[in-house]
Amino acid sequence: MPEENVLFARESDAVPVPEEGGTEIQTSKYLICISDGLLYGIDAEQVETIITDHTITRLPRVPHYVRGIINLRGQIIPVIDIRLRLGKPQADENCIMVVNVGSDCMGILVDGVDKMVDIVQDSILPMPTQNPQKLISGMYSLPDGKTLLILDCSLLLHE
């Protein structure tokens, strides 16, 4: 049996290849961010940029989880604190992920950004029906055994 030479790959990163005549596997890239010790996946096609050390201008009379707005290259973008949105305490250290939601942009304040992963669409599990969390559209088990919660960014601004 010939030995295969594979550069820069790990077996845990491999995507299963379908058998002859099988259907094509649909994968999507997700950017993993961390907030309050939980891992959230955001569709990488939605992520425009990641910002650190940016001044957030506070606004009066907005929901408690809206930290304010930022001016990014002349565009005014609302910033949502994911911790506050999910009922957790505010953190001191964080970064802003700017994402496109439809035709709008918004910033999501997270504790940090981890890495990008390819996920087979059919392996994303639905949330349990008894879970009232409406911002999470699914769950995925990472190769290291941790659970990734798939964040539905379009619901972040809705009460």
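Author: Start with methionine 139. In this predicted model, methionine 139 stands opposite leucine 149 in β10. The two strands involved are β9 and β10, the latter spanning residues 147–151. They pair in the antiparallel sense, over five bridges.

Now widen the view. β9 and β10 belong to an open sheet of five strands. The order across the sheet is β8-β1-β2-β10-β9, and the pairing is mixed. Strands of a sheet pair through backbone hydrogen bonds, either parallel or antiparallel. Look at the two ends of that order. β8 (112–120) and β9 (136–141) stand at the edges. Each has a single partner strand, so one side of each is left without a neighbour in the sheet.

What about the cysteines? The structure holds zero disulfides. Take cysteine 95. Its closest cysteine sulfur is that of cysteine 33, 8.0 Å away. Cysteine 153 is in no disulfide either. For cysteine 153, the nearest cysteine sulfur is again that of cysteine 33, at 8.1 Å.

Are these two residues buried or exposed? Cysteine 95 is buried, with a relative accessible area of 7%. Cysteine 153 is buried as well, at 1%. Both values fall under the 20% cut-off for buried.

Conventions. Residues numbered from 1 in each chain as written. Predicted model: local features only at pLDDT ≥ 70, side-chain atom pairs only at ≥ 80, totals over all residues. Heavy atoms only, no water. Pairing = 2+ DSSP bridges. Helix = DSSP H or I, 4+ residues; strand = E, 2+ residues; numbered from the N terminus. Disulfide = S-S within 2.5 Å. Buried < 20%, exposed > 50% of the residue type's maximum accessible area, 1.4 Å probe, protein only.
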